Structures are given as C-alpha cells and as structure tokens.
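Here are my notes on this model, in the order I would go through it with you. Have it open alongside as you read.

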Amino acid sequence: MAIRRQGSVRVSKEVESVIDQQRIAEIKRKISREFPEFRGIEPKITEKRIGPQDSIFKKLSLGRPKQFVTIFRLKFKKTVETVDHTEIERILVVSLDEQGEIIKITESR
Amino acid sequence: MRLLILSGKDGLRKQIGDLSQIEKAVNAFIKSKKDYETVFLYYDRANAFKVKKVDKKATSIRRYILDIEKKWGDIDNLLLLGGDSIIPFFRLNNPCDDGDNKVLSDNPYASRDDDFLIPERICARIPDNRSADFIIKQFKKFSKTSRKSFGMTAKIWKRASEDVYQQIGVIKDLKTSPPVTSDSFKEEWLQKKQFLYFNLHGSKISANWYGQERGDYPIALRPENISNASGFVASEACYGAYILNKSHEDAISLRFLNEKEIYCFCGSTTIAYGPVAPPSSEADLLVKYFFEYVKQGLTVGESLKNAKIDFARKSLRRQGFLDDDDQKTLLQFVLYGDPTSRLSTRVKGGRERD
C-alpha cells in the first residue's frame, strides 16, 4: 500500500478516503489525553481488509460470516528506557471499524 | 490418553553430557503416570514404530510426530524435552508490525493441520537450561495444596489486571509497580502459593521485568527475588518465555522452573499485547482463561489448549474475525513444565494426589 505524507499524518490514499483528518485528529487528542506518554507521537495508519477466516471457523465448528471486514489501525510507537537503561519498544494500537468507531485499544506488555 | 515425550539425543547430549540420569528420571515419570500411555522417543534415533529418524529441524520434527501418530494413534499430549537447540521453536511470520521479525512458537507441534492458530493436542516443553538436575527436577514435581495467590502488575494496567486476578485471588492483594520494586519485593510473597500472576513489561535482552507509571519504568522483579517460590505461574510480560541463549540466571521463566514447587510457566516468547482496561483481550484474556481451567482442576496442558480455543471463540464472537494481535497472542504463548501437572486435591486420610 502506497503511503504518503498528508499534513502531519502518515496516511495511505485508500485510508484517507474513509477516515477523515478530523477523526484522526480526534483520536490523537484522545491518546494524548489518556496516554500522555504517547503525546506528540505520529501514528502509522494502516487499513486491512479481512476475508472470512474459513479454516479457523471450521476448526472451531463455527458458522462463518461471509462478508469481508475492513479495519483501520493507528499505531503509536516509541522507545523508552527503564531505570536500568534497558530499551523497551512501547506500542499502542487503536483499532477502528469501517465507520471509524474504536473497536479496541491495546498496548504492548 | 497418549503422551509422547520427545527429544533429540545428539542435541541433548551436547547440552547436558551423560543422559543416563535424565533417562532414568523420564522412565520413573512414565511409570508414575498410570493414566497415560506414554512413550519416550528421540527423533534422531531408531524407534519401535519404525518411523524414520529426522534431523533437528522444526518442520522435520513436526512431520516425525505426525508419522508416529499414524502408527500409534492420536497423540493427546506432547512433551518436548529440551530448549531451542534440541527441539527448535517454529519461527512463524509475525502477524503484527512490531519489533519481532518472527514469532517463536510451539503451536505447529500442537496442530495436525496447516492452521497453527488453534491447537489440537496438548503441547508443553521442558527447557534444558543446560542442566541435567534442572530437567530431572521437572519430572519430580508434585503440586501441594495452597489457597493463596500472588499477583503483580504495572500500575498503568491495574484495572485490566484486576479483571484477570479476580479469577485466582483477592483484588486488593494485587501488587502494583510502582510503588513495589525489586528492592522492596519480599521473597515470601511467592512462597506457599497456588497461582502466581504477572502483568509487567519484559525485554528480550534484560533479565528483569518492569513496572510502569507514566514515564517511569522501575524494576519490578529480578531473578534474584525468586526463592522457594511455589505455584502455577503465568506472565503476560513481553518475552516472558523467551529462553534462547538464556539460563535460570538471566531468565525469570527458567528461574521459576528451577524452583522445586513451581509446576509450570505459561508466557510469551515475543512482544505481547493487552488492553489498557477491561474487558480482557489478547494476553489478558488468554491468561485469564488459562487460570480458570487450572483452577477447575484440569492439567496445565489441557488448560492452555482450552484457553487458546476459548480465546479464539471469544474474539470471533466479539469481532467476527481474529485480528493481528489476536493471532500473535495464540502463536506466542507457550507452556513450560510437565503438561500433566494439575492442582492437587485432598483425598480421605489427608493424603494428596496430583
């Protein structure tokens, strides 16, 4: 997927068409407010189209949903240093559905 | 129930030297497991099933297990004896865009088909720690009765961790780091316990696990903090189960297993993920399910297998799909120790059985 710079946000052409700049700015404000350690970090924004995961549904004896799903992810990444000078990669991921609603926020352990 | 204990003789001998004491301990273990039909094989030696021996490659060893299964019947439990230099972890493509080039995983050994996310058989590993005594110790552990648990979390994940810890302990007892650090840590916190739970930061290069409050990352636990510890351990720390070129001196997972009353260690080989707050997802959810099953009295092997299946079902019900983090969680969590170990139950006369 071609990534280009638009304003201060790294965003792909395809993603840009669905997630508008206003929504991205809202999420960045939320992350700055609730996760101050990621304040000022520019997220990497990606789009993923997920098809029916047939083999997983089959293995779990579940009926599978037929539709494709598109999710967007805003990944905030930084390297921090512990008190004993060990570097740890900190990752925070905001997953959005096609409407731009937050599905979940996860952090690396 | 069939149990296959599998190792590589050349690799094990290179790490340990003389194998006679280990083989003796394995044979005694086999005799003690009356509920299991157990076989001990070296994949690089001839065997009674007349399955062709193989080289020390993960894919070859997996093929070997499938070939043994064709001759012997379904293998319900698989115990890999040795670390990466004896039975290599699979290096699977990382579903997530993070610092891990590959995900070290035992999942393919637990799977009969090419979908490695969902296990079909119980699989655990006893790392070698380059020590015969360490290996022998793992075969001689019998769980004792205790009702208390210990839990420790980075302060920022307190709420998320409480959701996990409530399965095994009293929420108010959950320690947070900070204020707790390795300097104020008391060894007795880990003693005479049933479950030990950790939700801390980890690193591939450091021996320590870390807490967090805002931008501060204090050392929460060092290997040296572990002495006379007991119980079933699960950790969500990144690289909590990473053991390549490590020993009990610089890997907390191996340090725990070196204790005679630590019955298993469940953790992640790579960067793990979790929520910042309830509901539990990713590593939090998997560990929560793992504890639930162990608490119900299932073996630790069954508990991790069931936890992975339940984790996948729950994630599919919530979202309709397994995303990158979910898939990585399923692949990266491994179990160290005897997979047949379970909570002890008191029987008449006050004796305990495992």
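1. Ground rules. This is a predicted model, so to speak of a local feature I need pLDDT of at least 70, and side-chain atom pairs count only at pLDDT 80 or more, while totals for chains, interfaces and linings use all residues. Residues are numbered from 1 along each chain as its sequence is written, and chains are lettered from A and ligands numbered from 1 in the order in which they are written.

2. Chain B overall. Chain B has nine helices and 17 strands (DSSP runs numbered from the N terminus: H or I of at least four residues for helices, E of at least two for strands). Its radius of gyration is 19 Å, close to the 20 Å that the globule rule gives for 354 residues, so chain B is as compact as a globular protein of that length. That radius is taken over C-alpha atoms, and the rule is 2.2 Å times the number of residues to the power 0.38. Along the principal axes, the C-alpha atoms of chain B fill a box of roughly 60 × 50 × 40 Å.

3. Burial and contacts. Of the 354 residues in chain B, 55% are buried. Buried here is 20 or more other C-beta atoms within 10 Å of a residue's own, exposed is 12 or fewer, and partly exposed is in between, with C-beta atoms placed from the backbone. Among contacts in chain B with a separation of 6 or more, 72% are between residues 24 or more positions apart (a contact is two C-beta atoms, placed from the backbone, within 7 Å).

4. Strand β9(B). Five of the five residues of β9 (195–199) of chain B are buried, so this strand is largely enclosed by the rest of the structure. In a regular strand the side chains alternate between the two faces of the sheet. On one side of β9(B) sit Phe195(B), Tyr197(B) and Asn199(B), on the other Leu196(B) and Phe198(B), all buried. Five bridges join β7 (149–154) of chain B to β9(B), running parallel, with Ser149(B) opposite Phe195(B). Four bridges join β9(B) to β12(B), also parallel, with Leu196(B) opposite Val233(B). (Strands pair if DSSP finds at least two bridges between them.)

5. Two loop residues. What about Leu244(B): in which loop is its place? It is in the one between β12 (230–235) and α6 (252–257) of chain B. Leu244(B) is partly exposed, with 14 other C-beta atoms within 10 Å. Glu224(B), in the loop between β11 (219–221) and β12 of chain B, is partly exposed with 13 such atoms.

6. Domains of chain B. The assignment gives domain 1 (2–138) and domain 2 (149–353), with bounds from an automatic or database domain assignment. Their C-alpha centres lie 23 Å apart, and 34 residues of domain 1 are in contact with 32 residues of domain 2. On the domain 1 side, the largest share, four residues, comes from β6(B). That side divides into 18 nonpolar, eight polar and eight charged residues (Ala, Val, Leu, Ile, Met, Phe, Trp, Tyr, Cys and Pro count as nonpolar, Asp, Glu, Lys and Arg as charged, the others, Gly among them, as polar).

7. The core. The largest nonpolar core has 111 residues, and Leu6(B), Leu78(B) and Phe290(B) have the most contacts inside it. A nonpolar core is a set of buried Ala, Val, Leu, Ile, Met, Phe, Trp, Tyr and Cys residues joined through C-beta atoms within 7 Å. Helix α7 (282–296) of chain B gives the largest share of this core, eight residues. Each of domain 1 and domain 2 of chain B supplies at least three residues to the core. Not counting residues up to four places away in sequence, Leu6(B) touches several residues, including Leu41(B), Tyr43(B), Ile65(B) and Leu78(B).

8. Where the chains meet. The contact takes 30 residues from chain A and 41 residues from chain B. On the chain A side, β6(A) gives the largest share, six residues. The residues of that side divide into 15 nonpolar, seven polar and eight charged. Three bridges join β6(A) to β14 (273–275) of chain B, running antiparallel, and Thr106(A) stands opposite Pro275(B).
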